[in-house]
Amino acid sequence: MQNKDYYKTLGIDKSASQEDIKKAFRKLAHQYHPDKTGGDDKKFKEFSEAYSVLSDETKRKQYDAYGSNFSNMGGGQPGGGAGFEGFDFSGFNQGGNGQGFEFDLGDIFGDFFGGSRGGQARTRRGTDISVDIEITFAESIFGVTKTVRLTKNNTCSDCQGTGAKNPSDLIKCSHCNSKGKVTTTKRSIFGTFATESVCPECRGVGKIPKDRCHKCRGEGVTKSESQLDIKVPAGINAGEQLRLSGAGEAIAGGEPGDLYIRIHVKKHPIFTREGSNLVMDMEIKLSDALLGAEMPVQTLDGEIAVKVPEGVNNGEILRLKGKGVPHGNLRGDILIAVKIKMPRKLSKTAKQAIEQLKKEGM
């Protein structure tokens, strides 16, 4: 049987602590769990097998000594004899099961199964959504407020999310006896486990509408257009993401999801950004490089006359302080790279002048 690298599977070093192992597994489990969009059942089982061994100190020592085939060395089957394949995780929310799995599955998978630590029902939550907005280079430097319009599930304006024709006309939920939670008992290879989940009838509220709201048909949410003002902070970088808590999809009897805003910045024809500084090239004539000059530069704050010193070198950097990217109460600088434009042809007079300079050792 091929030896498996459990450390590589979880993306950790061999010196990783138990907390590092748990964090790595939790991250991968949330990303690839089969119940999530984009989940991968095969990868999930691989991560689970790796975690079941590395999270157990005894099995980890045996694995480090003999590899993933340590069961053939008398170390027991990786993953407690059967791994995680075919196991019903929804009924397993208590840590310590007598089979070597000393992690709390309720803590890790509560988002998927509606449970939480201690067997308490987890609050329902709406779906997160994301949008992309494009801003100008100047807007990324100084900040801007952008208005976006989204069509999404919003709390019903008629019933305030209660689902009732009269928002205050609610009656006791008989399905959960107004507790908002229901207990489910499930059997597994490890025994019988009881879990609490949100009541499907009242969605955790404990009450149901006497008469349903006509607008949302008792759902408590309606699909409608929302207008949001997005405040983009000064100095934001292209590719950064903002989060508006509670601005995502609404859900009856629960909390709304979040809205994530991905920022795209248009390229500037002159400037590029390096941290809190703005960088640009400035082309000057040879005569200006030798004798000095004043050159107009169009900054984001308007046009500024930049003094080019006598004898400036090609590639030399001129600095405009305080005209760059804001950071805190300060601003970065504009860095100007001097590019000397060499003439392609010289007049007779120019050649004579340069010959004279050559004689003078210049």
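## Burial classes

A residue is called buried when its relative accessible area is under 20% and exposed when this area is over 50%; partly exposed residues fall in between. Lys 146, with a relative accessible area of 24%, is therefore partly exposed. Glu 139 has a relative accessible area of 18% and is therefore buried.

## The model and its confidence

The structure is a predicted model. Across the protein chain the pLDDT averages 81, and 83% of the residues score at least 70. Residues 74-121 have a pLDDT below 50. In the model this stretch has 112 contacts beyond near neighbours in sequence. Where pLDDT is low, the predicted coordinates should not be read in detail.

## Overall make-up

The protein chain has 362 residues, and 38% of them are buried. Its secondary structure consists of 8 helices and 17 strands. The accessible surface comes to about 21500 Å², and carbon and sulfur atoms account for 45% of this area.

Contacts can also be sorted by how far apart the two residues are in sequence. Of the contacts between residues at least 6 apart, 60% join residues at least 24 apart.

## Salt bridges

Side chains of opposite charge can pair when their charged atoms come close. The cut-off for a salt bridge is a side-chain nitrogen of Lys or Arg within 4 Å of a carboxyl oxygen of Asp or Glu. The protein chain has 10 salt bridges by this rule.

One of them joins Asp 132 and Arg 262, with 2.8 Å between the closest N and O atoms. Asp 132 belongs to strand β1 (residues 129-135) and Arg 262 to strand β9 (residues 259-265), so this pair ties together parts that lie 130 residues apart in sequence. Both partners are partly exposed: the relative accessible area is 42% for Asp 132 and 33% for Arg 262. Another salt bridge is formed by the side chains of Glu 139 and Lys 146, at 3.5 Å from N to O.

## Asp 333 and its surroundings

Asp 333 forms a salt bridge with Arg 319, and the closest N and O atoms are 2.8 Å apart. Asp 333 sits in the loop between β16 (330-331) and β17 (334-341), whereas Arg 319 is in strand β14 (residues 317-320), so the pair ties together parts 14 residues apart in sequence. Asp 333 is buried, with a relative accessible area of 14%. Arg 319 has a relative accessibility of 48% and so counts as partly exposed. A further group of residues, made up of Arg 125, Asp 128, Arg 243 and Asp 258, is joined into one network by salt bridges that share partners.

Which other groups does the side chain of Asp 333 reach? A polar atom of this side chain lies 2.9 Å from the backbone nitrogen of Gly 322. The pairing with the side chain of Arg 319 is also a polar contact, at 2.8 Å. Leaving aside residues up to four places away in sequence, Asp 333 touches several residues, among them Ser 276, Asn 277 and Leu 278. Its contacts also include Leu 320, Lys 321, Lys 323 and Gly 324.

## Asp 56, a buried charge without a salt bridge

Asp 56 lies in the loop between α3 (41-54) and α4 (57-66). How far from Asp 56 is the nearest side chain of opposite charge? That side chain belongs to Lys 59 and is 5.1 Å away. Asp 56 is buried and has no salt bridge. The backbone of Lys 59 does take part in a contact: the side chain of Asp 56 reaches the backbone nitrogen of Lys 59 at 3.0 Å.

## Positive phi angles in loops

Gln 160 is not a glycine, yet its phi is positive, at about 55 degrees. Gln 160 is in the loop between β2 (144-155) and β3 (170-172).

Arg 217, also not a glycine, has a positive phi of about 60 degrees. The loop that holds Arg 217 runs between β6 (207-209) and β7 (221-232). With a relative accessibility of 68%, Arg 217 counts as exposed.

Technical notes: Residues numbered from 1 in each chain as written. Predicted model: local features only at pLDDT ≥ 70, side-chain atom pairs only at ≥ 80, totals over all residues. Heavy atoms only, no water. pLDDT = per-residue confidence, 0-100. Contact = heavy atoms within 4.5 Å. Helix = DSSP H or I, 4+ residues; strand = E, 2+ residues; numbered from the N terminus. Buried < 20%, exposed > 50% of the residue type's maximum accessible area, 1.4 Å probe, protein only. Lys, Arg positive; Asp, Glu negative; His and termini not counted. Polar contact = N/O pair within 3.5 Å; in protein donor to acceptor, adjacent residues only side chain to side chain. Areas by Shrake-Rupley, 256 points an atom, 1.4 Å probe, with all protein chains shown as cover.
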